[in-house]
Amino acid sequence: MQARVLVVDDEKLIRWSLSQHLTKQGFEVFTAEGAEDGLKLFSDELPEVVILDVRLKGDDGIEVLRKIREVDEDVSVIMITAHAAVGSAVEAMKLGAYDYITKPFELDKVERVVNKALEAGRLKREVARFRRGQKRKFGFEKIVGSSYAMQRVLETVEKLVVSDFHTVLLQGPSGSGKDLVARALHFNSAHADAPFVDLNCSAIPESLIESELFGFEKGAFTDARAAKKGLFELAEGGSIFLDEISDMPLGVQSKLLKVIENRTVRRLGGLRDIPVDTRVIAATNRRLDEEVKNKRFREDLFYRLNVIAITLPSLAERREDIPALAHHFIEQFNREFRRSFTGVDPEAMNLLCAYPWPGNVRELRNVIERVVILEQGPLILPDHLPPEVRKGGTPVHDGGFRLAPSGVSLEEVERSLVLQAIELSHGNQTHAAQLLQISRDALRYRLQKYGLLQGKS
């Protein structure tokens, strides 16, 4: 498809020469003498590039630029100006013009500028398309879960995305969805158009993590042949996601605290502090307070990160979400692998709901992916599930329930387990929650749900 170029200039010779030259180079060219015709052609043809004279007879090219960008703020506009009017061209650049050329000009130079403007426009559209895709991919609707525990998480995330937070700490077991929540925090916020940069602190050697985060100057060490920006600088205006932050070396932790407190970064071998406007989202599958007690994590950094903390529940704490998650993954992998699974057989669903899921949501996702790839469907059957899921079809902390071929009410099993835990702990909800390996809030929700709250302390 030919790229379209609109030339708006009140000099007939300029319009003709640009039209002739650019047409020979394969462009589709439209020309207009004045502002009114130029704006009409722009609205009708929506060209990728506009070549616009700063001064038109009776009209101001700057005003035409403003009106063009009101219609399409991404279009590339190249201004034509005489040497005496360079100040106007500079003003046009501030208003979003791509570049300017001065009279007299060489046609080959104009062609080069047009090609650069087209390439810049394509890159801008690709970035915009990618960011729109990221927003769809990590929208709130992608965080599946109607359980009480997940609704609490979502409520907090929704409050945070409209705030100007500086740090967030995500806690929870491996596979519980911390990465998804981190991306949702970024891509649903006002910072979504800025970079999202992630670093797994356990995957980078201790000798490299400092230079990765903070960058380095030329000559800072033997192989530093040129200066390099660190991740904090690359994430300027956006978010940096520090996964498994509990594995960050203590020496780097102290420098990270300084960056968070001062909002400046100093590259390795550097002498100046560089301002950075970057939000920090940290994640860990360990209890950081325990890491502090064991001298493996700095206490001051822990308190700085723990200002806003979100704890993601294990899948065992939100079993009521398993059916919705399973169907969500079925739909996802149907699209990805062009399959046509319609759902899960009831007996297979009982097995999924009873299995303890030590790998959490990630493990469930992997199981569904494997079945969709290898099996025929249209339903996921018990025989499709891996042996550990088929054999683990009794609830954790078994209270005497065994899954019969006819099935059993999951709510009946859960109510019995909650009641047993309360009785074993003599009504102590904190102890009962520990026995069930769920949070106290999750326990209180279930006590209320099954009418067991009254009379329990």
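User: Where is E244?
Analyst: In this predicted model, E244 sits in the loop between β12 (239-243) and α10 (250-262).

User: Is that residue buried or exposed, E244?
Analyst: E244 counts as buried because its relative accessibility is 13%, and the cut-off for buried is under 20%.

User: What about phi of E244?
Analyst: Phi of E244 is positive, about 50°, although E244 is not a glycine. Most residues other than glycine have a negative phi.

User: And R263, what is phi there?
Analyst: R263 is not a glycine, and its phi is positive too, near 55°.

User: Where does R263 lie?
Analyst: R263 is in the loop between α10 and β13 (264-265). With a relative accessible area of 29%, R263 is partly exposed.

User: New topic. What kind of peptide bond joins K103 and P104?
Analyst: A cis one, with omega of about -10°. Most peptide bonds are trans.

User: Which part of the chain holds P104?
Analyst: P104 belongs to the loop between β7 (99-102) and α5.

User: OK, α5. Which residues does that helix cover?
Analyst: Helix α5 takes in residues 107-137, and R132 is one of its residues.

User: What surface patch is R132 part of?
Analyst: A positive one, formed by R125, R129, R132 and R136.

User: How exposed is R132?
Analyst: R132 has 44% relative accessibility, so it counts as partly exposed. A residue needs over 30% to be in a patch.

User: Now R15. Where is that arginine, R15?
Analyst: R15 is in helix α1, which runs over residues 12-24.

User: Which side chain of opposite charge is nearest to R15?
Analyst: That is E33, at 4.4 Å. R15 is buried and has no salt bridge.

User: Why does E33 not count as a salt bridge partner for R15?
Analyst: A salt bridge has to be within 4 Å, and E33 is 4.4 Å away, so R15 has none.

User: What does the side chain of R15 reach, then?
Analyst: The backbone oxygen of D9, at 2.8 Å.

User: Last one. Where is G451?
Analyst: G451 lies in the segment that follows α19 (440-449).

User: Buried or exposed, G451?
Analyst: G451 is exposed, because its relative accessible area is 60% and the cut-off for exposed is over 50%.

User: How far is G451 from R415?
Analyst: Their C-alpha atoms are separated by 9.5 Å, while G451 and R415 are 36 residues apart along the chain.

Technical notes. Residues numbered from 1 in each chain as written. Predicted model: local features only at pLDDT ≥ 70, side-chain atom pairs only at ≥ 80, totals over all residues. Heavy atoms only, no water. Patch = residues over 30% accessible without salt bridge, like charges linked within 9 Å, V, L, I, M, F, W, Y side chains within 5 Å. Areas by Shrake-Rupley, 256 points an atom, 1.4 Å probe, with all protein chains shown as cover. Lys, Arg positive; Asp, Glu negative; His and termini not counted. Charge placed at Lys NZ, Arg CZ, Asp CG, Glu CD. Helix = DSSP H or I, 4+ residues; strand = E, 2+ residues; numbered from the N terminus. Buried < 20%, exposed > 50% of the residue type's maximum accessible area, 1.4 Å probe, protein only. Polar contact = N/O pair within 3.5 Å; in protein donor to acceptor, adjacent residues only side chain to side chain.
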